[in-house]
Amino acid sequence: MLIKKNTFELLRENKTRGISFSDMEGVDHLAHERNKAGFDVEHMKIVWAGSRHAFDLSDRISRLVASDPVFRKDDRTMLGRKELFKNTLRKAAHAWKRINDLRLTEEEGYKLRFFVDQPAFTDLHWGMFVPAIKGSGTDEQQQKWLPLAYKMQIIGCYAQTELGHGSNVQGLETTATFDPATNEFVIHSPTLTSSKWWPGGLGKISTHAVVYARLITNGQEHGVHGFIVQLRSLDDHSPLPGVTVGDIGMKFGSGAYNSMDNGVLRFDNVRIPRNQMLMRFSQVTREGKFVHSSVPRQLVYGTMVYVRKTIVSDASTALSRAVCIATRYSAVRRQFGSQNGGIETQVIDYKTQQARLFPLLASAYAFRFVGEWLNWLYTDVTQRLQANDYSTLAEAHACTAGLKSLTTSVTADGIEECRKLCGGHGYLNSSGLPELFAVYVPACTYEGDNYVLLLQVARHLMKTVSQLGSGNKPSGTTAYLGQVKQLLQYRSDVQKAEDWLEPNAVLKAFEARAAWLSVACAENLSKFTNPEEGFQALSADLAEVAVAHCQLIVVSKFLEKLQQDIPGKGVKQQLQVLCGVYALFLLHKHLGDFLSAGCITPKQGSLANEQLRSLYSQVRPNAIALVDAFNYTDHYLGSVLGRYDGNVYPKLYEEAWKDPLNESIVPDGFHEYVQPILKQQLRNARL
């Protein structure tokens with residue numbers, strides 16, 4: 001039987017005849033894996049992208065970026081901080097030039113910046129500064145500031161977080177005191193902890209900021225509001241009088257988020273015109289009177305839903321990148337299992353590898369589809385708000401907060417798990433995984449600390465449970481709590497492993513578990529005379545309640561996706577397998593919850609695990625094709641281990657020699673420090 005040699009075998013032969021890898025170029029070393037696929041990969045690419053338009057756009061722009069030498073990023077982790085930052089400025093300027101030269105649309109421009117894949121000041125300008133003005137500025141303010149921002153004649157950031165306060169926005173200390181004598185606000189940092197700390201783009205580049213400060217008029221405080229403040233001269237870029245601004249220093253990782261100039265900012269009685277307070281929802285009159293506008297303040301929640309649904313979408317992207325790298329490398333890597341000198345076993349064929357990797361693959365798809373649903377939710381909430389319908393607002397806010405928390409936590413942990421799945425080579429920067437992790441992990445903290453958000457969700461769930469007897473019918477993602485009595489009595493009728501493939505069997509089990517946890521926590525809370533004391537005492541349990549609720553949302557939206565007409569040979573069947581993997585993995589992981597709820601028996605739990613093992617076997621021949629469906633270029637993936645062609649070992653060898661340490665045969669400092677040791681020329685010393 002003729003067996004085609006893979007990368008590993010060719011390398012083994014090369015050990016004895018000298019290293020020459022030219023015969024390994026241009027060969028798809030994963031072709032045999034791709035040939036196993038039982039579904040139409042091209043159709044799956046469109047499912048992943050969301051539409052034919054979205055696929056064509058991403059495919060075209062990603063290749064445009066990958067083919068441009070200015071956007072090279074393989075040397076990023078070897079650059080010093082100053083060099084890295086200058087490199088980032090160069091890329092940002094080149095991206096802006098390409099957007100203008102090619103007359104790209106706003107959508108195309110966003111995608112180009114996305115695929116450049118290097119955190120930069122432009123992320124905060126377009127992602128936070130512009131939306132803040134659009135969301136909170138009056139029509140007049142938008143007409144003044146947005147044209148300047150759109151043309152990048154000013155560059156802005158979002159200055160909210162302070163040295164002493166992050167999640168507790170109401171605890172911010174920066175003040176904005178109105179002076180009626182001059183018709184100005186005086187922006188001031190009264191304490192060290194009131195220093196703005198962390199805003200991206202602030203450290204070295206932003207000319208302006210939306211600064212959040214405590215509004216004071218006539219000696220009275222009126223909460224935290226946003227103000228447009230110029231920070232630097234538009235002539236020489238020097239800080240304006242009263243402004244102290246700089247970078248907060250190196251952050252986690254090599255390269256990674258260090259391309260971003262996260263900043264520190266202090267104000268010493270800086271004056272700005274009254275009309276630079278963002279006044280869509282509330283205003284200060286010329287006389288200093290604080291008044292609410294006729295625009296409902298609830299509209300600001302629409303912006304929050306938008307930001308968080310974007311974060312969920314980004315989670316699916318980051319997790320899918322890590323999974324793509326780990327899956328391809330697991331198919332290339334061979335260890336143990338050799339019989340009589342034959343080839344070793346592919347790592348991806350080990351059941352322990354599958355049990356760690358395939359749930360992450362399924363999670364990437366699950367998060368993609370819940371992200372699609374959040375796009376619909378955002379549109380629905382926006383339309384309702386414009387019609388003064390606030391009935392779904394609290395539920396939508398809790399839902400997006402919870403999904404932001406769940407997806408970012410799973411993704412951060414998942415990226416690290418993928419690094420471990422790649423063994424020792426996963427620890428190399430050239431694997432792409434250390435940098436991917438370092439860039440992504442702040443998502444667990446920004447736009448709401450994940451545990452703080454879970455407790456917000458739990459508070460909403462406890463309120464929903466407490467109102468069940470008052471006639472208030474739960475809606476949206478909490479609708480299942482309307483059948484809480486039936487769910488508490490639900491007993492699964494699963495009799496054999498295959499029964500767990502029935503969508504209703506899975507959905508009812510997850511609903512019963514979430515309902516039981518909510519009711520149990522609500523009962524425990526009722527034992528406290530002071531509800532807030534109870535909330536603090538039970539906060540760990542409440543966080544688990546929120547996680548169960550959010551996992552139910554993801555499972556239910558995956559099942560809803562499968563109700564759609566999904567074209568392409570075998571595509572829907574593969575998605576059904578992935579949905580099963582996602583749900584049954586969670587059931588197995590949280591088996592204690594399901595058993596405690598009484599909705600399944602230990603035997604049914606064992607059957608679920610049996611079915612899960614069967615599903616892993618069904619994923620195995622399709623694994624490479626399932627990550628190919630992400631359609632990532634090698635440039636965007638940024639990983640030697642995750643190369644599309646699987647030509648890993650020669651490229652790892654090449655990458656090693658690119659390190660600056662290998663520019664000289666004898667390293668700097670050797671003759672000064674090491675040679676005397678070798679020559680025993682050190683003087684005797686008393687220790």
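When I say contact, I mean heavy atoms within 4.5 Å. Helices are DSSP runs of H or I with at least four residues, strands are runs of E with at least two, and both are numbered from the N terminus.

This is a predicted model, where local features need pLDDT of at least 70, side-chain atom pairs count only at pLDDT 80 or more, and totals for chains, interfaces and linings use all residues. Residues are numbered from 1 along each chain as its sequence is written, and side-chain values use heavy atoms, without hydrogens and water.

Now the pair. On the α10 side, the residues meeting α18 include F358, L361, Y365 and F369; their partners in α18 are L575, L578, V581, Y582 and F585. Sorted by class, this contact has 14 nonpolar residues, one polar and no charged. Nonpolar here covers Ala, Val, Leu, Ile, Met, Phe, Trp, Tyr, Cys and Pro; Asp, Glu, Lys and Arg are charged, and the others, Gly among them, are polar.

Next, the cysteines. How many disulfides are there? The count is zero, taking a disulfide as a pair of cysteine sulfur atoms within 2.5 Å. For C418, the closest cysteine sulfur is in C422, 6.9 Å away, which is too far for a bond. C550 is in no disulfide either, with the sulfur of C399 nearest at 7.2 Å.

Are C418 and C550 buried or exposed? C418 is buried at 0% relative accessible area, and C550 is buried at 1%. Buried is under 20%, exposed over 50%, and partly exposed in between, using a 1.4 Å probe and protein chains only.
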